[in-house]
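Hi everyone, thanks for coming. Let me put today's structure up on the screen, and then we'll walk through a few parts of it together.

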Amino acid sequence: MPTLKKTPASDLSALLKGLNDAGVEFIVVGGLAAVIQGVPVTTFDLDIVHHRTDKNITKMMKFLRAVEAIQRRPDEKIIHPKETDLRGKGHVLLTTNLGPLDVLGAIENDQGFDELLPSAIAIDFKGSTTYVLSLQILVELKRESKIPEDQYRLQIYEETLRLAKKSADTD
Amino acid sequence: MVTNQANNSTQIEVDIALIRLFLRMTPEERLLSNDKHIQTLLELQNAYTEKNASIRS
């Protein structure tokens, strides 16, 4: 079985634009959602929760083929994602030619696209409406997390949320 | 971002000035900033890897 040889590129803005241009319905969650809302951290991958409808999965598969997506695996074997991978609530961790992309069927408490959409904010990114999970919810998820790195970053998220609210109140 | 480790190991000092700077940017500017940071970090990692490889050879 072939294995990955080269270091993958990373252009998360282009990855995001590509998803929008492909007409994929998704919500940005995770570190990049925090970055978009002003949290000064650096993140290396794009985490999204996708809408698990037949039509959307077809669009997603077409996009994933276009960006040469393969599963991100410790053994670096080249395995392409399948439609069935995107139908469940599981997490599909991929490497693409635009950077790492984590496609999540659902996150904490089984929350998928429909459940998260009311908690998402809409931003205009390069001419497309892009849904991003709100910083308030990201903070709540971090508070519940048992991962040490999440606890470490929580204070930065909380402080950003506090300052953003304060700034909004004074505007 | 994290300036100093405080006495309590679970507490960190948060760089408020850096947060304010980032909040003044648009979402698109923040994404581009993140991309630039990644590129810089990858270039530094590659330089470090090449340096180590040249020492070994």
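Let's start with one residue: is His80(A) buried, exposed or partly exposed? Before I answer, please keep in mind that what you're looking at is a predicted model. To find the residue, go to the loop between β3 (70-71) and α4 (83-87) of chain A, where His80(A) has its place. Now count around the residue: there are 13 C-beta neighbours inside 10 Å, so His80(A) counts as partly exposed. The cut-off for exposed is 12 or fewer. Ala69(A) and His80(A) are eleven residues apart in sequence, and their C-alpha atoms are 6.4 Å apart in space.

Okay, on to the sheet. Chain A has an open sheet of seven strands, and the order across it is β3-β4-β5-β2-β1-β7-β6, with mixed pairing. Which strands sit at the edges? Those are β3 and β6 of chain A, each pairing on one side only. Let's zoom in on one pair inside that order. Strand β4 (residues 91-96) of chain A and strand β5 (residues 99-104) of chain A run antiparallel, with six bridges joining them. If you'd like one bridge to click on, take Val92(A), whose partner in β5(A) is Val103(A).

Next, a pair of helices. Helix α6 (residues 135-144) of chain A and helix α7 (residues 148-170) of chain A have axes that come within 9 Å and cross at roughly 155°. Anything over 145 degrees counts as roughly antiparallel, and α6(A) and α7(A) are therefore roughly antiparallel to each other. As for handedness, α6(A) passes α7(A) in a left-handed crossing. Who's touching whom? On the α6(A) side you'll find, among others, Leu135(A), Leu138(A) and Val139(A), and on the α7(A) side the contact includes Leu154(A), Tyr157(A) and Leu161(A). The residues of this contact divide into seven nonpolar, two polar and five charged.

Last stop: where chain A meets chain B. That contact takes 23 residues from chain A and 19 residues from chain B. On the chain A side, the elements giving two or more residues are α1 (12-21), α2 (30-36), β6 (120-125) and α7. By type, the chain A side divides into twelve nonpolar, eight polar and three charged residues.

Notes
Residues are numbered from 1 along each chain as its sequence is written. Chains are lettered from A and ligands numbered from 1 in the order in which they are written. This is a predicted model: local features need pLDDT of at least 70, side-chain atom pairs count only at pLDDT 80 or more; totals for chains, interfaces and linings use all residues. Axes are lines fitted to C-alpha atoms, for helices over the stretch in contact, and angles run from 0 to 180 degrees between N-to-C directions. Helices (H or I, at least four residues) and strands (E, at least two) are DSSP runs, numbered from the N terminus. Angles under 35 degrees count as roughly parallel, over 145 as roughly antiparallel, 65 to 115 as roughly perpendicular and the rest as oblique. A crossing is left-handed if the near helix is turned anticlockwise from the far one by less than a right angle, and right-handed if clockwise. Two residues are in contact if their C-beta atoms, placed from the backbone, lie within 7 Å. Ala, Val, Leu, Ile, Met, Phe, Trp, Tyr, Cys and Pro count as nonpolar, Asp, Glu, Lys and Arg as charged, and the others, Gly among them, as polar. A residue is buried if 20 or more other C-beta atoms lie within 10 Å of its own, exposed if 12 or fewer, and partly exposed in between; C-beta atoms are placed from the backbone. Two strands pair if DSSP finds at least two bridges between them.
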